[in-house]
Amino acid sequence: MIGALLGVLPVGRGFGMAEWVVLNTVTIGMAAIGIGLSLALVRPWGMRIPGALVAFCAWVGSGFLVSVLPFGLIGAFLGAEGGSPEGGGGEDPAMPFWEAVLVQFGFVGMGLGLALAVPAYLWRRWPGAFAGRLGDGPRTKPPWAAALGAAVGLVWLYWAAGGSVGIAHPAERTTDGYVLGAVGGFWALAGSAAVWAVARARPPRWPRWLPLVFGWVGSGSLFAWSGWKLPIMAYVALADPAEFTPPEHPVVAVALNLAAVVAGAAMLRILVRTRVRPAVAGQVDSVSWSTTVE
């Protein structure tokens, strides 16, 4: 951002200086929150912070970073194979190569760190929430949030497979976009299936922690990434900037991202409110973690 302000580096394509400053200010704020979260997850004082605050930040952070770890691996392989076959390759002339490498390294490193630190923290603070099996919990009605999240994931997978309905600018599609769409669709479907399993308490013999992991990351991915893209696509739909043309039709993208945000938040609510029997959860923190989180 400093380089752009000084005129050393160009701003992103389709952005004016004001939009560029706002975008980078938001990302700097997110980075500061991420640093605070990383410390809270590993330091003793992190156990004294209100549970809802830590859980929410950890959930959003996991949705942002843990969910894209497969993209980092696949992207590295595609880069080694020569990049995008369409010639796009996801390259942005406003971003030097060294900056792209640092960004990618930062995403992968922070994602791996969260993948280790978040489960360890949650287990220490709410051990009873992850004990037992799915059949130990109550069986509730089929959750609409899981169905909505699955519908969003199917649309993303359809686009990743080359589908054109809802695509306004096919020439803007890149290999990175296809891969990101496939990864996002996978997590949407995996998270939806996990939340459905928790709500229906089926299969009863499955360990409880397994669907909680996929439900946590999947719902976080829906909420975090679509929450990030929603205001951008709303701006595109309203302002129609000439130099910024995303592949998706802006109105379709706004509706889809809004549905993803709603589904992700509702799926998390189901996960934290599902109770387990005290006899199974154990003597420590025998009630569900929703009591402590809230």
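1. Helix α3 (residues 51-66) is largely enclosed by the rest of the structure, because 12 of its 16 residues are buried. Buried here means under 20% relative accessible area, exposed means over 50%, and partly exposed lies in between (1.4 Å probe, protein chains only). Helices are DSSP runs (H or I, at least four residues), numbered from the N terminus. The buried residues of α3 include Val-54, Trp-59, Val-60, Phe-64, Leu-65 and Val-66.

2. The model is predicted: local features need pLDDT of at least 70 and side-chain atom pairs count only at pLDDT 80 or more, while totals for chains, interfaces and linings use all residues. Residues are numbered from 1 along each chain as its sequence is written, and side-chain values use heavy atoms, with hydrogens and water left out.

3. A nonpolar surface patch is formed by Phe-186, Trp-209, Val-213 and Phe-214, which together have about 380 Å² of accessible area. Areas come from the Shrake-Rupley method with a 1.4 Å probe, and for residues only the protein chains shown count as cover. Patch members have over 30% relative accessible area and no salt bridge; nonpolar side chains (Val, Leu, Ile, Met, Phe, Trp, Tyr) are joined within 5 Å, like charges within 9 Å. A salt bridge is a side-chain nitrogen of Lys or Arg within 4 Å of a carboxyl oxygen of Asp or Glu. Helix α8 (residues 209-239) contributes the largest share of the patch, three residues.

4. Val-213 lies in α8 and is partly exposed, at 43% relative accessible area. Val-213 is also among the residues closest to the centre of the second largest pocket, together with Val-118, Pro-119, Leu-122 and Trp-216.

5. The second largest pocket has a volume of about 300 Å³. A pocket is an open set of points on a 1 Å grid over the protein atoms alone, where a 1.4 Å probe fits, with protein on both sides within 12 Å along at least five of seven lines; lining residues have an atom within 4 Å of a point. Helices α3, α5 (97-125) and α8 each supply at least two lining residues, and α5 gives the most, with six. The lining comprises 14 nonpolar residues, one polar residue and no charged residues.

6. The loop between α7 (175-200) and α8 contains Pro-203, which is joined to Arg-202 by a cis peptide bond with omega of about -5°. Ala-201 is found in the loop between α7 and α8. Although not a glycine, Ala-201 has a positive phi of about 55°, and at 2% relative accessibility it counts as buried.

Conventions: Points joined across faces, edges and corners; volume = space filled by probe spheres on them. Nonpolar A, V, L, I, M, F, W, Y, C, P; charged D, E, K, R; others polar.
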